Amino acid sequence: MPASQPPGSDAAALTLLPGIALRQGRVHEACGPARRLLAAWAMGATGQHDTTAATVWIRPAWNGDRINPHGLAPWAHPGPLVMVDCPQGIDLLWCAEEALRGGSAALVVIDLPEPPELTPVRRLHLAAETGAARARTHRPGQDRRQTRSRAPLGLLLTPGTGGGAGVESRWHLDSLPPPPDTYGRWQLTRLRARTAPPAAWTITKPTAYSPGLRIAAAGGIRDPVLC
């Protein structure tokens, strides 16, 4: 990232909704019962910038939960999704490190059975930085903003309230009872971040295939905002 680009700035971030962004070239954590849905939102936001951007989703092979492309479709196009099943726990972080370092994937999702320790998270950050440098060389004809959008982003999925050491930010997503005329409603909480305070949003989706999510409430803000 250029020295003139301050950490956490909008130009170097993947925006999910107004005021909700993930810094690219870094590793973040999503926890809570709906954490995989947050990964789908990130995948959809990535696809808005580049429809060919690949998402690598790394998961334990022994976990019976599977990503259904039809269930993913309301949030993101499943075409660029690459699923990786790891037979051993030690392979999860290794595969993530390699995927981030390669620079070809815009988003690397790592579904973990427990939060990782500090050392492997640091290695993932370094791999993402290396991948960002490599991504800048993939398309030399792109302008600077387009090139930065290809910096890989790592997203750790952890159970409970998370707790991965050294992550750039930690988010918790849980479902809420939706109103009768709404497809879904969720509570998104930013538990911690290096460059932003804790915050919470109530997010809704009017219909299954409506074009975007709505922020129904964010702090003292009550006016819906359409993404």
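Hi everyone, and thanks for having me. Please keep in mind throughout that what you see is a predicted model.

Let me start with the whole chain. The protein has 5 helices and 12 strands. Of its 227 residues, 47% count as buried. Its accessible surface comes to about 10,900 Å², and carbon and sulfur atoms account for 54% of that.

Now let's go inside. As a bit of background, nonpolar side chains in soluble globular proteins tend to be buried together. In this model, the largest nonpolar core has 34 residues, and Ile20 and Trp41 are the ones with the most contacts inside it. Which element gives this core its largest share? That is helix 1, residues 35–49, which supplies 8 residues. A separate core of 19 residues lies apart from that one, and Leu92, Leu100, Leu112 and Ala127 are among its members.

Let's stay with Ile20 for a moment. Leaving aside residues up to four places away in sequence, Ile20 touches Leu14, Thr15, Trp171, Leu188, Trp201, Ile203 and Ile215.

Next, the strands, and please find strand 6 on your screen, residues 105–111. How many of its residues are buried? The count is 7 of 7, so strand 6 is mostly covered by the under-20% cut-off for relative accessible area. One example is Ile58, whose bridge partner in strand 6 is Ile110. Strand 6 also pairs with strand 7, residues 153–158, again in the parallel sense and over 5 bridges. There, Leu107 has Leu153 of strand 7 as its bridge partner.

While we are here, have a look at Thr55, which sits in strand 4, residues 54–60. Is Thr55 buried or exposed? Its relative accessibility is 1%, so Thr55 counts as buried. Beyond residues up to four places away in sequence, the contacts of Thr55 are Met43, Pro80, Leu81, Val82, Leu107 and Val109.

On to the aromatic rings. A pair of rings is described by the distance of the centres and the angle of the planes. The model has 5 aromatic pairs. One of them is Trp41 with Trp75: the centres are 6.2 Å apart, the planes make an angle of 50°, and the pair is classed as tilted. This pair links distant parts of the chain, with Trp41 in helix 1 and Trp75 in the loop between helix 2 (69–72) and strand 5 (81–86), 34 residues apart. Why do we call Trp41 buried? Because its relative accessible area is 6%. Trp75 has a value of 16%, so Trp75 is buried as well.

My last topic is charge. In general, side chains of opposite charge can pair when their charged atoms come close. This model has 12 salt bridges. Let me begin with Glu168, which forms a salt bridge with Arg23, their closest N and O atoms being 3.5 Å apart. The two partners come from distant parts of the chain: Glu168 is in the loop between strand 7 and strand 8 (169–176), Arg23 is in strand 2 (residues 20–23), and 145 residues separate them. Both Glu168 and Arg23 are buried. Glu168 also forms a salt bridge with Arg26, where the closest N and O atoms are 2.9 Å apart. Here too the partners are distant in the chain, with Arg26 in the loop between strand 2 and strand 3 (27–31), 142 residues from Glu168. Arg26 is buried, too.

For a local example, Glu97 forms a salt bridge with Arg101, with the closest N and O atoms 2.7 Å apart. Why are they about one helical turn from each other? Because Glu97 and Arg101 are 4 residues apart in helix 3, residues 89–102. Glu97 has 8% relative accessibility and so counts as buried, whereas Arg101, at 24%, counts as partly exposed. Finally, salt bridges with shared partners join Arg23, Arg26, Glu129, Glu168 and Arg194 into one network.

Technical notes
Residues numbered from 1 in each chain as written. Predicted model: local features only at pLDDT ≥ 70, side-chain atom pairs only at ≥ 80, totals over all residues. Heavy atoms only, no water. Helix = DSSP H or I, 4+ residues; strand = E, 2+ residues; numbered from the N terminus. Buried < 20%, exposed > 50% of the residue type's maximum accessible area, 1.4 Å probe, protein only. Contact = heavy atoms within 4.5 Å. Core = buried A, V, L, I, M, F, W, Y, C linked by side-chain atoms within 4.5 Å. Phe/Tyr/Trp six-rings, centres within 6.5 Å; stacked < 30°, edge-to-face > 60°. Pairing = 2+ DSSP bridges. Areas by Shrake-Rupley, 256 points an atom, 1.4 Å probe, with all protein chains shown as cover. Salt bridge = Lys/Arg side-chain N within 4 Å of Asp/Glu carboxyl O.
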